[in-house]
Amino acid sequence: QVQLIESGGGLVQAGESLRLSCAASGDTFGSYVVGWFRQTPGKEREFVGLISRSDGSRSGGTRYYGDSVKGRFAISKDNGEKTVYLQMNNLKSEDTGVYYCAASRVPDRTIVPLRSESYSLWGQGTQVTVSA
């Protein structure tokens, strides 16, 4: 069973960039869909993006993004499928929150859940704070 270890959060100013990492311990992400979610106090966990189970291409899988981050955030996976990254560019104050990576083992790359309830494994979360 894979365990998820997150890193890379911090405090930045609006317009700057951060890259979050989600490392797999105990397995690789080869058979998993990996999602990113974020949460602020009093709000439900929000879908940020996901990368599907590997499709054999160099890109590592199909990506989907939430509307609020499209064009600014990008998800990638290393060649060994041990780490998934969330590159966050042109950060805004409304991007502030605790970011979580999540994963679920899936039988094929067409299963791409957008809801947090569909994920069985979660990282510990990392705080991202964007000052205006």
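A residue is called buried when its relative accessible area is under 20%, exposed when that area is over 50%, and partly exposed in between, as found with a 1.4 Å probe on protein chains only. The structure described here is a predicted model, in which local features need pLDDT of at least 70 and side-chain atom pairs count only at pLDDT 80 or more, whereas totals for chains, interfaces and linings use all residues. Residues are numbered from 1 along each chain as its sequence is written, and side-chain values use heavy atoms, with hydrogens and water left out.

The secondary structure elements are DSSP runs numbered from the N terminus, with helices (H or I) of at least four residues and strands (E) of at least two. Two strands are taken to pair if DSSP finds at least two bridges between them. On this basis, four strands make up an open sheet with antiparallel pairing, and their order across the sheet is S1-S3-S8-S7. Strand S1 (3-7) and strand S7 (73-77) lie at the edges and have a single partner strand each, so one side of each is left without a neighbour in the sheet. On average, neighbouring strands of this sheet are turned by 15° against each other when direction is ignored, where the axes are lines fitted to C-alpha atoms (for helices, over the stretch in contact) and angles run from 0 to 180 degrees between N-to-C directions.

Within the sheet, strand S8 (residues 83-88) is joined to strand S3 (residues 18-25) by six bridges, and the two run antiparallel. Leu20 has Leu86 of S8 as its bridge partner, while Cys22 is partnered in S8 by Val84. Strand S8 is also joined to S7, again in an antiparallel manner, by five bridges, and here Ile75 stands opposite Leu86. S8 is mostly covered, since five of its six residues are buried.

The strands S7 and S8 form a hairpin with five residues between them. In the loop between these two strands lies Glu81, which has a positive phi of about 55° although it is not a glycine. Glu81 is buried, because its relative accessible area is 17%. A positive phi, near 50°, is also found at Asn90, a residue other than glycine, which lies in the loop between S8 and S9. Asn90 counts as partly exposed because its relative accessibility is 42%.

Leu86, placed in strand S8, is buried, because its relative accessible area is 0%. When residues up to four places away in sequence are not counted, Leu86 is in contact (heavy atoms within 4.5 Å) with Leu18, Arg19, Leu20, Trp36, Val48, Phe73, Ala74, Ile75 and Tyr99. Between Leu86 and Val12, which are 74 residues apart in sequence, the distance from C-alpha to C-alpha is 15 Å.

Ser116 is placed in the loop between S9 and strand S10 (121-122), and it is buried, because its relative accessible area is 17%.

A search of the whole structure for disulfides, that is, pairs of cysteine sulfur atoms within 2.5 Å, finds one. This disulfide is formed by Cys22 and Cys101, whose sulfur atoms are 2.1 Å apart, and the link is right-handed, with 65° about the S-S bond. The pair links distant parts of the chain, as Cys22 in strand S3 and Cys101 in strand S9 are 79 residues apart. Both cysteines, Cys22 and Cys101, are buried.
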